[in-house]
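Please read this report with the sequence and the structure side by side.

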Amino acid sequence: MSDVRSVEVCFGELIELNSAELRADYLRRVGLENAILQVKLERLLEAHEKAGSFLQQDSVETTREFESENLLNSSIGPYKLRERLGAGGMGVVWAAEQRLPLKRKVALKLIKPGMDSEQVIARFEAEREALSRMDHPHIARVLDAGTTEQGHPYFVMELIRGLPVTEYCDKRRLTIRERLELFTKICSAVQHAHQKGVIHRDIKPSNVLVSEQDGQPVPKVIDFGVAKALHQPLTDRSLYTGVFQALGTLQYMSPEQAGLSIADVDTRADVYGLGVLLYELLTGSTPSEKEQLASAAFDEACRMIREQEPPKPSTRLSTLGERALSISETRNTDPRQLSRLIRGDLDWIVTKSLDKDRNRRYESANSLAADINHYINCEPIEARPPSLTYRLKRFAYRNQRTVASVMLVSLALFSVGGLVWQRSVATYHQQQAAKRDVQLAQAITNEIQSLILQNRFDDAGERLFAANEGGLSDDTVQLLSAQVELFRGNFEGAVSQLREISRSRKDNDRNVVPLLSYALQRSGLEQEHLEKLPQLFDIKCETFSQYLFRGAALKTFHSKLALKDLEDARRIDPTNHLAMWLYSSTLLTAASRELDSTKAVQGLDEAIQNLDALVRYLPDNSQFQSDLALANYRMSLHLAELLKPAESDIFANKADALYDSLPLDTESAYADRAWYLLSKGKLDLIQKELAEAKHRSLSGNFQIQAAAIAQFRMGNDDTARALLESSEPDYVTSIAGIRAFTLLEKFSSRQELATQFSQVVKNRKSEPGIFAFQDWIVYKLAGEERGVLDAAKSGLTHSRLLRRSGWGAQAEFQAGNCSFESALDACEERFDVVHTQFYAATAELANGKRAKAIEHLEAVLATGEFDVYLYGWAQAFLERLRADKNWLPWLND
Amino acid sequence: MPHMTDITNILSRIDSGDPTAAEQLLPLVYEELRKLAAARVAKEKSGLTLEATALVHEAYLRLVDQSTAQQWDSRGHFFAAAAEAMRRILIDRARAKRRRKHGGDCERLDLEINCPASHEQPDRLLAIDEALRRLETEHADVAALLKLRYFAGMPLKDAAELLGISPATAKRRWAFARAFLYGELTD
């Protein structure tokens with residue numbers, strides 16, 4: 001797949017592939033060689049899938065023709081259309097007469113244009129044999145399928161003249177008990193199909209028709225095999241948008257069918273469908289209400305189905321208001337009695353059928369029916385209120401059960417084989433128990449981390465508490481609880497909790513040190529974080545969490561090593577979103593440091609794909625959006641560097657759009673947005689949002705600094721300083737150098753600046769670590785070469801991060817050991833370039849050479865690294881120098 | 001009215017690679033199509049709908065000397081020009097309709113030309129046309145096919161023959177054109 005191949009040819013090949021996986025694979029392969037081509041193709045594919053009948057006006061004509069009565073008495077294959085029975089979302093149903101090989105009346109369902117007939121028929125043929133094996137009084141048989149001359153697929157089935165089950169029940173005012181009896185018949189039909197290997201996939205009232213025989217209701221489940229044949233690949237988001245909107249079955253769809261990944265739909269999807277049907281028979285509404293789903297975007301609707309726990313039927317009834325009356329009337333009762341009937345056992349039966357996790361649903365349609373019969377016969381039911389503790393116990397129980405059954409088999413062998421077995425059985429049992437713990441821990445870990453990513457910290461805490469009661473070990477609970485605190489932003493709490501664990505469990509370094517080290521880094525305790533690094537490298541990681549947090553801890557220090565660990569974590573658990581995010585944001589870090597734009601584009605490409613998926617999956621997490629915005633922005637920078645302005649613009653626009661719509665709900669969202677606004681010069685907005693963030697207690701050091709720079713740019717030095725001093729006390733100390741910028745106008749000579757600043761430095765209780773670079777910049781401005789060297793030395797001694805970065809080279813430059821050009825050459829990362837250029841600018845300023853200083857500051861802006869804070873200051877310095885030719889008169893002395 | 005020989009002459013010059021010839025063709029075809037349409041309106045009651053395909057075919061028969069221009073190539077050139085001319089006519093109409101909607105000058109628009117493009121709302125058609133300009137600069141071959149189908153109402157099969165490409169290629173280009181334009185419009 002080389003560059004020479006045109007996008008048009010590749011597009012042709014791409015759309016020939018008929019599954020989303022194949023297409024994704026094709027795109028990935030293209031991307032390996034040409035990321036831009038991949039982006040273009042992805043856009044085209046997306047448009048292709050969404051385009052519908054765009055530009056194809058002729059298909060409108062066809063549809064009109066197709067829906068009309070004109071087809072009356074026309075023939076389709078051996079069928080003559082006799083009566084139009086009705087039209088649904090996906091087509092028109094006709095009563096037809098079959099003449100050959102035997103004469104009978106059938107129902108013929110003519111599918112709307114817009115489906116790929118060949119594939120529909122192929123999928124139907126694949127199941128035809130299984131369908132023919134079904135023989136059940138409550139199943140309408142599907143007899144045939146084919147394609148009309150115009151290319152529309154059609155299905156032929158037994159002709160049923162009946163009403164949709166919900167409509168029938170309401171019309172006949174069936175009581176709850178009568179409804180339940182009818183419902184168990186439907187269950188038996190579904191069970192029969194399952195035994196013959198057929199899954200319905202689209203159980204809903206309009207597919208369960210009820211007619212009467214001898215005054216008794218006879219339900220018939222129709223359309224077996226149809227849903228599967230009409231199914232487009234589920235991963236194909238936009239494609240199935242069309243199909244499901246057409247089918248109108250969103251509110252009956254199981255969570256696994258609404259998933260992002262390829263759903264291996266099994267019989268339990270039908271159990272879910274039956275659950276929805278039961279819900280509707282009881283309450284007159286579906287668990288996810290149609291109106292609510294209809295008003296949401298398609299992705300959002302799917303997410304609701306996957307994640308939103310529906311209210312219990314009795315709760316739903318209590319929220320229906322006026323409607324409750326008519327609903328209870330059609331059930332031959334009054335609202336209060338109806339609610340009493342449903343509350344409790346029926347609530348639980350429905351809830352169990354609708355469990356998001358299909359492992360916790362009834363395992364078959366039969367067992368659902370059996371539990372309903374228990375209810376009818378006033379026997380204890382199988383379903384239980386699904387509390388978390390209960391679910392955890394079930395989880396442990398399930399695993400124990402496997403252990404137990406293995407034991408039974410082993411014991412049987414033991415009676416033959418003698419003592420040797422006993423030992424191996426014991427070992428086996430221990431191993432299984434250990435394995436069970438690991439599995440349980442990983443399941444809970446995923447659950448907790450998923451809550452963390454949804455910012456549901458309190459829920460996470462509660463779940464942990466319950467998990468502990470359910471048998472999760474204290475060790476695991478403590479580690480997870482520290483994670484909750486860490487991501488909540490309670491760094492101090494997280495660190496002290498982890499220190500505590502680390503002290504009490506000397507033998508367990510592997511589990512604690514990576515997480516502690518990551519927490520230290522997130523807390524800004526750089527020195528301590530770096531001290532942990534040698535220990536980190538010595539650790540031999542084995543588990544998911546060990547790899548995950550070692551990778552996270554290494555992110556800023558060595559992004560390439562970090563990526564390796566994170567890849568390992570993802571290999572162990574590819575479904576964990578925290579791992580996916582940390583991996584993607586590390587890709588972003590690695591790419592931002594990359595001076596080779598071609599390589600950077602590759603990394604960013606992968607990061608954007610992952611983050612895109614995360615944003616789609618968890619649209620409420622602002623961190624993902626902010627990272628995605630930054631990734632798009634960086635992509636545009638690198639593409640511009642590669643002289644691809646058009647592509648660069650695409651990404652820049654996307655970044656702007658993302659920043660503009662960034663949900664401001666966390667401290668870092670506010671901060672990320674503030675730095676972005678700063679780079680765009682939207683200074684007023686920064687102040688406004690800071691006030692808002694303060695009001696919501698979401699303002700942090702970084703947002704405050706951005707606001708301070710904005711004030712400084714407007715010439716309000718005192719306000720800027722006051723803002724900086726409103727940061728957290730430790731941080732105020734760290735940014736002494738930056739605070740000095742806001743005093744520059746107050747000084748009348750270099751001498752004054754030097755004296756005052758040395759005083760500040762002397763009073764500082766701790767070494768500035770990585771912040772030492774601020775010191776040498778200020779000393780340079782003051783013309784205090786001694787101070788510059790001391791600061792450089794201190795930084796290089798106390799900050800390993802400073803030492804290994806390009807600043808080491810910069811220190812050489814300060815010491816006069818190398819030229820500015822070679823210092824710049826030694827910069828390995830783009831943000832080193834920011835610092836080195838900024839320093840060079842201050843050096844020129846100190847020499848009174850404004851024009852040269854301006855050149856260096858412009859070079860800072862050329863990097864585009866707006867989230868490095870010296871970038872913000874460089875922009876501010878540049879503005880002030882340009883606005884006032886005599887800014888800082890003492891510099892000229 | 002341009003003489004038949006003029007057009008045939010231009011077509012043969014396009015065929016032999018004269019770059020200025022194509023530019024001369026378009027106004028001639030455009031003029032002829034407008035005249036044909038106007039003649040119909042004069043003759044019939046208002047509210048008449050003309051099929052775009054029929055119109056361009058008629059223009060071809062009237063303008064091109066059948067005895068000297070039998071090659072597919074010259075037909076292709078002619079119809080490409082005709083499609084472009086139809087496009088201008090339809091876009092002019094869309095602009096006029098939009099003006100009318102905004103209370104501007106009132107042009108008599110009792111003649112309808114039927115082709116896929118004429119089913120679009122004026123605003124949207126203008127947007128599609130703008131996107132089409134971008135398609136033309138980046139993928140001229142694809143744009144040529146799109147114009148034949150969309151403005152001249154050519155069935156895909158005929159358009160493929162006129163352009164001298166296989167039906168499979170035509171199908172692919174059509175899909176590409178739709179995706180490209182749709183993407184441009186929704187970005």
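## A helix and its length

In this predicted model, the 14 residues of α23(A) should span 20 Å at 1.5 Å a residue, and its end C-alpha atoms are 19 Å apart, which agrees; the expected span of a helix is 1.5 Å times one less than its number of residues. Helices here are DSSP runs (H or I, at least four residues), strands are runs of E of at least two residues, and both are numbered from the N terminus.

Eleven of the 14 residues of α23(A) are buried, so this helix is largely enclosed by the rest of the structure. A residue is called buried if 20 or more other C-beta atoms, placed from the backbone, lie within 10 Å of its own. Among the buried residues of α23(A) are Asn511(A), Val512(A), Val513(A), Pro514(A) and Gln521(A). After α23(A) comes Gly524(A), whose phi is positive, near 80°.

## Its partner helix

Two packed helices are described by the angle between their axes and the distance between the axes. Helix α23 (residues 509-522) of chain A packs against helix α25 (residues 544-554) of chain A at an angle of about 30°, with the axes 8 Å apart; axes are lines fitted to C-alpha atoms, for helices over the stretch in contact, and angles run from 0 to 180 degrees between N-to-C directions. That makes α23(A) roughly parallel to α25(A), a term used for angles under 35 degrees, while angles over 145 count as roughly antiparallel. The crossing of α23(A) past α25(A) is left-handed, meaning that the near helix is turned anticlockwise from the far one by less than a right angle.

Residues of α23(A), including Pro514(A), Leu515(A) and Tyr518(A), meet residues of α25(A), including Phe549(A), Arg550(A) and Ala553(A); contact requires C-beta atoms, placed from the backbone, within 7 Å. The residues of this contact divide into six nonpolar, five polar and two charged, where Ala, Val, Leu, Ile, Met, Phe, Trp, Tyr, Cys and Pro count as nonpolar, Asp, Glu, Lys and Arg as charged, and the others, Gly among them, as polar.

## An antiparallel pair

Helix α31 (residues 667-680) of chain A and helix α32 (residues 683-695) of chain A have axes that come within 9 Å and cross at roughly 170°. These two helices, α31(A) and α32(A), are therefore roughly antiparallel to each other, and α31(A) passes α32(A) in a left-handed crossing.

From α31(A), Tyr670(A), Arg673(A), Ala674(A), Leu677(A) and Leu678(A) meet Leu685(A), Ile686(A), Glu689(A) and Ala693(A) of α32(A). The residues of this contact divide into seven nonpolar, no polar and two charged.

## The chains and their contact

Chain A has 45 helices and nine strands, and buried residues make up 45% of its 893 residues. Chain B has eight helices and two strands, in the order α-α-β-α-α-β-α-α-α-α along the sequence, and 37% of its 187 residues are buried.

Where the chains touch, 14 residues come from chain A and 16 residues from chain B. On the side of chain A, the elements that give two or more residues are α1 (7-16), α3 (35-50) and α4 (57-67), and the largest share, five residues, comes from α3(A).

## Numbering and confidence

Residues are numbered from 1 along each chain as its sequence is written, while chains are lettered from A and ligands numbered from 1 in the order in which they are written. In this predicted model, local features need pLDDT of at least 70 and side-chain atom pairs count only at pLDDT 80 or more, whereas totals for chains, interfaces and linings use all residues.

How values were computed
Two residues are in contact if their C-beta atoms, placed from the backbone, lie within 7 Å. A residue is buried if 20 or more other C-beta atoms lie within 10 Å of its own, exposed if 12 or fewer, and partly exposed in between; C-beta atoms are placed from the backbone. Angles under 35 degrees count as roughly parallel, over 145 as roughly antiparallel, 65 to 115 as roughly perpendicular and the rest as oblique.
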